[in-house]
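Dear colleague,

I am passing on the model we spoke about, and I would be glad if you could look through it alongside the notes below.

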Amino acid sequence: MSNSVTAARPAAPHPADGAPGYVKALAPYRPGKPIEEVAREYGLDPARIVKLASNENPLGMPASARAAIQSALDELGRYPDANGFLLKAAIARRYDVPAEWITLGNGSNDGLELAARALCTVGESIVYAQYSFAVYALATQAIGARAIVVPAVRYGHDLDAMLQAIEPDTRLVFVANPNNPTGTFVDAAALRRFIERVPPQVAIVLDEAYTEYLTPAQRYDAMPWVREFPNLIVSRTLSKAYGLAGLRVGFSVAQPALTELMNRVRQPFNVNSLAQAAAIAALGDAAFLQQSFQINQDGLRQLEQGFAALGLEYVPSSGNFILVRVGRADQINEHLLRAGVIVRPVGNYDLPEWLRISVGLPAENEAFLAALKQALAAPDGRA
Ligand SMILES: *Cc1c(COP(=O)(O)O)cnc(C)c1O
């Protein structure tokens, strides 16, 4: 028992006692349940489990990225390029931004935290929306800043209310477009009006983790706005449409004054060599991106039709996941797990009646809908 984390501590003073209150009060991020864990707990064959819980790309990683990783293996004895020269060049080319305006991240999650740490401290505030990405709350609390959480409208960002909520000590506003976990989308005109009106001393982190899933009618390009607005940081990831969630690569784009600050608090080797090589390949793989988009559109329609057939309310989604109201979400989730389907309960987002379903392959969506139908028919199913 000597290595147990729960082992009783002697009554002597302990470093943990002096940890900042805001750190002790942090509620850890709750990730989707891993396949192996569900297989163990429910006695299931891991190969038959369907995981639709973490907004991963159901196509897996692109073959182009796999080949790039294989070629990069021989260099693993060396440190990665701390500056990510080749990856920044690929991003700069792909998105038409100066390479010096890019900050690489160990996933875009890293970049969100770098922005908070670089710009904000104890006693200052950060604004974000109710039902927005859990990491905004974590990044805020981890630095002892005060969260100003703005009520959502129809599960999406109320940008006017977010503007009104900015206080003299506000340093940063997080905006997710599309938003996770609700899938809501703010159109380019409304978003731009918002950015124009945010006071110049307040940074805007525009988190576009799902932007590749927007329909042609919704699409907009925020990169030119970075040239216009010195307080704008645009965040992107390779984890979703590019299929590299396990490698952890993301980046943010901002003018040099903000980029330099973010790079000061960044770990020098925060993006490993395999991730850099794979990201370069994936960024050039237009065919994979198009396939990811199409399979997601088809899957969203499939899930919407399934929900309609079951008489369930859902929030129309612009991401690669969809929020559905099932009533007793904990019971339904338990039934789904027993049937080998992992989805994401969102009680921690204050949405206790809802489940978030990541869009899978057609057969995975079908297996989920069949298991959901059974769960709703169970005695403890329907609310
Ligand atoms: C998934 C997600 C991210 C980032 O994921 P990384 O894997 O860390 O790049 C960022 N923002 C939102 C809103 C997300 O849903």
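The notes below take the ligand site and then a pair of helices.

Please bear in mind that this is a predicted model, in which local features need pLDDT of at least 70 and side-chain atom pairs count only at pLDDT 80 or more, while totals for chains, interfaces and linings use all residues. Residues are numbered from 1 along each chain as its sequence is written, and side-chain values use heavy atoms, with hydrogens and water left out.

Oxygen atoms of the ligand lie 2.7 Å from a side-chain N or O atom of N180, 2.5 Å from one of T237, and 2.6 Å from a polar side-chain atom of S239. Of the 380 Å² of accessible area that the ligand has on its own, the protein covers 93% (Shrake-Rupley method, 1.4 Å probe).

Turning to the helices (DSSP runs of H or I, at least four residues, numbered from the N terminus), the axes of helix 5 (residues 108-119) and helix 6 (residues 134-142) come within 9 Å and cross at roughly 35°, the axes being lines fitted to C-alpha atoms over the stretch in contact and the angles running from 0 to 180 degrees between N-to-C directions. N109, L112, E113 and A116 of helix 5 make the contact with V135, Y136 and A139 of helix 6 (heavy atoms within 4.5 Å), and these residues divide into five nonpolar, one polar and one charged.

Methods:
Helices (H or I, at least four residues) and strands (E, at least two) are DSSP runs, numbered from the N terminus. Ala, Val, Leu, Ile, Met, Phe, Trp, Tyr, Cys and Pro count as nonpolar, Asp, Glu, Lys and Arg as charged, and the others, Gly among them, as polar. A polar contact is a pair of N or O atoms within 3.5 Å; within protein, one must be able to donate a hydrogen and the other to accept it, and residues adjacent in sequence count only if both atoms are side-chain atoms.
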